[in-house]
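Here are my notes on this one, point by point. Have the model open while you read.

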Amino acid sequence: MTVDLKKLGVDYLLVNSTNEFLAEYPDLKENARYLLTKFSGSTGDALVCPDGKIYLFVDGRYHTQAELEIGKEVTLVKLQTGQRQDYEIRKLIPPGSVLGIVAEKNSQLRVEAFKDINVKLLNLDPVNFYTKFNHNKIEVLPFDLCGKGFEEKIAVIPRPFFLSNLEEVSYLVNGRDFSENYSSKIQGKLLLTNYENILFTDMDTTGLKINNLMYMPLDCCEEILGKIDYPVYVDKSSVNAKDYAAIRYPEHRTSPVSLMKSIKCSEEIESYKKAFQATDEALLATREFIMAVKETTEYEIAEVLEKNFLQTGARSLSFKSIVAKNKNSALAHYSKCSNEEIVKDGDLVLIDCGAYYDNGLATDITRVFFKGEPDDEYKKVYTFVLKMFLNAFNTEITENISGYDIDKIARDMVNNEPIPGYAFGHGLGHGLGINVHEAPPNLSTSDIAKTPLQNGMCFTIEPGLYNPETFGVRLENSCYFSGNKIHSFAQMPYEKKLIDFSMLNKMEKIWLEEFLLV
């Protein structure tokens, strides 16, 4: 695919993976970066240059996947831990050049970060014109699943405030949409003022009867915002540049909803426990299938897994399941689940999966299985990853401890006792909620991970070691912070035959007793 930069009046073009709501997992039909490069990962953008070159920027989770998916016309830039995508993009753009940025597919904060470059905001995406319209009916959560109503939640939000982050909007109105896999979010934008509250959406709101909330079509949003002749609070990090420009007097303020929704109330925690119990059941049944048959395929395992989720009450999957055999397990976000990959005796299988149940909160878990008897290398890597989890999970809690601190514990273990050929190339974990990835909290080397943990926060702990020539191991438990202690939602057993108990010290053996083995 070629892009006429001269016709656009730019020298370079930034091509995004997001949609107008800046969603992490938009439909690939909305994903301009995918259309341009054929890379299907959830993060990573592309830069089109005057000489026709296309650069794709991806972090360590996607290095191998991108290599397999992109064409020869795309140059892959493999970001290393600590490297920031936009900083590397700016290095390729000479002074005085004009960079084209699609206004509705980039946050205002990101646009302003390119202030040292001449930026031209584009009203239309020149790579992908597709827009998805959602007319489904919004489902309303009962109080025993959400714990708080709309009016109670918005009482602490300063007015007027404009919110367009889909997780935040869904959280505030307690609305869900389970019509498609990989999302429970409703599609809409919310304006809160001292006089009225408006939900802009094209969805069916007949079941969403909320006091002091009126509804308007999405295409009315820009006009209404433009009529407000007083300052409106808006979070530059979550509003797209087009919506920001529509506000006559925008005033940046960090969205309080980001932290609010990260701290789950007791009703949400209890409903999450039930969801993870069902998730464990679905994955355990899938393990039994793998062990019972003589041979199967990645694709068939994924089909059985989804069936098991639905049988345990799942409304949909929370993300596309990863079922990865041998070398494929070294791809942190492998997504093919191939019918050509036959799983038989002597093979390792990694499964990373999750689902949405009635509360509309995403579950997430990863386990590694082995058909037959594993050799010492499989045991060594599996056991080391298990040690990383146990030490991170049992972190000594100090005042203002953060995900950054917990990540360091696991990362230091790898740095101090590396296994040749195996690398830990991603963060230790991520926040969990309406979206399978949310922040805060975050467990990584990033500054965002320095937010202190608070009671009620939910997150994953998922250490991993990967060798693209052999295999990878990732062990992921979703957890919650309560009573100044980390607790595990997941109780899915670990594989006893993959554990070299001689590698565990006395305390690690005691910690392991909390978890089941199979």
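1. Which residue stands opposite Leu192 in S11? It is Asn197. This is a predicted model, in which local features need pLDDT of at least 70, side-chain atom pairs count only at pLDDT 80 or more, and totals for chains, interfaces and linings use all residues. Residues are numbered from 1 along each chain as its sequence is written, and side-chain values use heavy atoms, with hydrogens and water left out.

2. Back to that strand pair: S10 (residues 189–192) and S11 (residues 197–200) run antiparallel and are joined by four bridges. Strands here are DSSP E runs of at least two residues and helices are H or I runs of at least four, numbered from the N terminus; two strands pair if DSSP finds at least two bridges between them.

3. Both strands belong to an open, mixed sheet of six, ordered S12-S11-S10-S8-S13-S14. S12 (214–216) and S14 (250–252) are the edge strands with a single partner each, so one side of each has no neighbour in the sheet. From one strand to the next the twist averages 25° (axes are lines fitted to C-alpha atoms, for helices over the stretch in contact, and angles run from 0 to 180 degrees between N-to-C directions).

4. Now the three-stranded sheet, open and antiparallel, in the order S17-S19-S21. Its edges are S17 (322–325) and S21 (365–370); each has a single partner strand, so one side of each lacks a neighbour in the sheet. Neighbouring strands are turned by 15° against each other on average, direction ignored. S17 and S19 (residues 348–353) are antiparallel and share four bridges, with Ala324 opposite Leu350.

5. Helix H12 (residues 266–292) lies across S19 and S21, at about 15° to S21; contact means heavy atoms within 4.5 Å. Phe276 in H12 pairs with Phe489, which sits in the loop between S28 (485–488) and H16 (506–512), 213 residues apart. The two rings are stacked, 5.0 Å centre to centre with 5° between the planes (ring centres within 6.5 Å make a pair, and planes under 30 degrees apart count as stacked). The structure holds 14 aromatic pairs.

6. Which residues lie nearest the centre of the second largest pocket? They are Glu20, Glu104, Thr131, Lys189 and Lys242, out of 25 lining residues. A pocket here is an open set of points on a 1 Å grid where a 1.4 Å probe fits, with protein on both sides within 12 Å along at least five of seven lines; lining residues have an atom within 4 Å of a point. By class, the lining has seven nonpolar, six polar and twelve charged residues.

Technical notes: Nonpolar A, V, L, I, M, F, W, Y, C, P; charged D, E, K, R; others polar. Phe/Tyr/Trp six-rings, centres within 6.5 Å; stacked < 30°, edge-to-face > 60°.
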